[in-house]
Amino acid sequence: MSTLAVIVITRNEADNIGECLAGASWADELIVIDSQSTDATVEIARRYTDQVYVEPWRGYAENKTMALSRCHSDWVFWLDADERITGPLAEEIRRLIDSQPVENGFRVARKAYFLGRWIRHCGWYPGYVLRLFRRSHGRFNGRLVHEGVEVEGACGRLKNSLLHYTDRTLEQYLEKFNRYTTLAAQELHGRGRRAGAASFLLRPLHQFVKMYVIKRGFLDGVEGLALCLLSAHYVAAKYAKLWELSHCVEEKK
Amino acid sequence: MSALSVAIITHNEAARIRACLESVSWADEIVVVDAESNDETVSICRDFTDRIFVRPWPGFAKQKQFALEQCRNEWVLSLDADERVRPELAAEIQRVLSAAGPCDGYRLARRSYFIGRWIRHCGWYPGYQLRLFKKDRTTVSLSRVHEGFLVEGRIGELLGDLDHYSHRSLADSLEKMNRYSTLEALDRLERGRVRPIDFITHPLSAFFRKYIGRSGYRDGMPGLLLCWISSLLTMAVYMKRWHWQRSTPAEQQAARERHW
C-alpha cells in the first residue's frame, strides 16, 4: 500500500478550509501550513487534522516546501484551499498510487466555478495542473506567480477533475488581480523585460481573442464574456505595472 | 478679514499629513477628525493644531459633516490628507477672505499627480472641487461615492491649484478602482438591468471620452494608463451591478452593509 499526503497552505481561508479538508480527510497525512490568518482558519483546520502548523509567510514555494518537509508519505497531493477533491477523484488517486505506476507525477484537470458558473472553455478547462507526485521526485520552484511543482521523470493524467471555487465576488477577484499582476510585473522586470504602449495595447487584445474566440469562451455565456474581458485587463495591468517599474522611481509623497 | 477654518478627515495618513498641514499652517484654525488611526497621524497633527477629534469611522459624508460642525470660523476649507494648497492658492484664498466678495463658496482647480506626471488632461484637470465655503451656508451630500458639499448661494472659482497626491502607484489606483466601483455599483443597483453588451460599450466610450475627447493622449503613457483605469472602473461597475442583480436580496443587503 502506498501512502498519500495532502498539503494545503492557507491564509484567511475560513470560508473554504472546512469543505476543502473534508474532501481530503481520507488521505494518510493531511498537512496545513497557515500564515498570518486573522480569521478562524486554524481552528477549523484543527477539526480535520492534527498537523496544522502556523508559520511566517516566506513565499508560496517556500511555504509549500515546508509542508513537503513535514510529510512522510510516498505520494503528495498539493491542494489549494479553494479547491475540492470529489469522491471519484479521491477513489481514482487511491487506486492509482496502489497500482505502482511508472510515472512520478500526475496532472489533473481543473474545473473552475466563476461568478456562479462552471467555466468549460476560455482555455481554463481542462487546464491540467501537476498536483500529484512522488515525494522523492518533486520540488516546488520559486516563481512569484503560478509557481509550480517540478517533477523528475514521466507524468501522466488523472481522469477526474478537481473543482476550483475561485472568487465568489468580483471584488475578491479584482483584489487578487491586483496582487498577482504586481508580482507578475516584478518577475518580468527581474528578467530584464520592458514594456511600452504597444505591449500594453496588443497583448490584452491577443489574450481576449485567444480566450473568447479561439478557446471558445463565448460558449460560457455572460460569465465567459466577463472572464475573458477581465483576463485581457489582467494582461494590461501586468504590462502597465511593468512600465511603471521601469519608469517611475518609488513615490513617497 | 474673515477667519478661516481648515477641516481635514484622516485615517492612517502619517506618510502624507505633514505636507498637507504645512500647506495650510497660515489658516486661523485647523480641525482634524481622525478615524482612530493606528499610525502616527494624530501625533503629527499635534504639531499643527489642538483641535483634533478622534472618533470611529461613520462613513465619508458623516465624518465630513462632523468636521464641518467643529469649525469655529465663518469660512471653511475642506481638504483631504493627500492634498496640498499651493502658495499661489493660499495667497488667493487670503485675498478673497479679506475682500468680502459676493460669493458664498468657491470651487478650486485640482491637479493630480499620477505615476510620475502632473496630469493636465484626461478630464482630470481642472476637476473643480467645491471646497471653500461659508460654514452656515453649507451641508454635506449623502451620496456614497461622490460625497460633496452643497452650498446655498453664489459659487465662484479660484485660479490657483490644489495639488493632489492620491495615486501612489498603479496598484494603489487599482485598489481604489475596486473600492469605488463597488460603491458606485451599489449606488446604481436599481437603475435598470445590465446587459452583457454594457461590459464592452460603456468602458470603450469612457476610454475614448477621456483619451480623445479630453485629450488624455497629451499626458503620455501616464495619460493612457489613467484612461485605461477609468475604463476598467466603468467595466467593473457594470459587472458588479450585473452580478448583484442576479444574487439574492440577502446577498445584496450583506454587500450594502459591508460597504456603508
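## Basis of the model

Because the model is predicted, local features need pLDDT of at least 70 and side-chain atom pairs count only at pLDDT 80 or more, while totals for chains, interfaces and linings use all residues. Residues are numbered from 1 along each chain as its sequence is written, and chains are lettered from A and ligands numbered from 1 in the order in which they are written.

## Helix H1 of chain A and its cover

Helix H1 of chain A spans residues 14–22, and Asn16(A), Ile17(A), Cys20(A) and Leu21(A) are buried in this helix; helices (H or I, at least four residues) and strands (E, at least two) are DSSP runs, numbered from the N terminus. A residue is buried if 20 or more other C-beta atoms lie within 10 Å of its own, exposed if 12 or fewer, and partly exposed in between, with C-beta atoms placed from the backbone.

## Nonpolar cores

A nonpolar core is a set of buried Ala, Val, Leu, Ile, Met, Phe, Trp, Tyr and Cys residues joined through C-beta atoms within 7 Å. The largest has 63 residues, of which Cys228(A), Leu229(A), Ala240(A) and Trp228(B) touch the most other members. Two or more residues each come from strand S6 (105–114), H5, H6 and H7 of chain A, and from H5, helix H6 (198–213) and H7 of chain B, with H7(A) giving the most, 16 residues. A second, separate core of 37 residues includes Cys20(A), Leu68(A), Leu79(A) and Ile93(A).

Phe208(A), which lies in helix H6 (residues 197–214) of chain A, is buried, with 20 other C-beta atoms within 10 Å. Not counting residues up to four places away in sequence, Phe208(A) touches Cys228(A), Leu229(A) and Ala232(A), where contact requires that the C-beta atoms of two residues, placed from the backbone, lie within 7 Å. With the neighbours within four places again left aside, Cys228(A) is in contact with Cys122(A), Phe208(A), Met211(A), Tyr212(A) and Gly217(A).

## Contact between the chains

Chain A gives 23 residues to the contact and chain B gives 25 residues. On the side of chain A that touches chain B, helix H5 (170–190) and helix H7 (221–247) of chain A are the elements that give two or more residues, and H7(A) has the largest share, twelve residues.

## Backbone features in loops

A cis peptide bond, with omega about 0°, joins Tyr125(A) and Pro126(A), and Pro126(A) is in the loop between strand S7 (117–119) and strand S8 (129–134) of chain A. In chain B, a cis peptide bond with omega about 0° joins Tyr125(B) and Pro126(B).

Asn12(B), a residue other than glycine, has a positive phi near 50°; Asn12(B) sits in the loop between strand S1 (4–10) and helix H1 (17–22) of chain B, and counts as partly exposed because it has 16 C-beta neighbours inside 10 Å. Glu36(B), also a residue other than glycine, has a positive phi near 55° and is exposed, with 12 other C-beta atoms within 10 Å.
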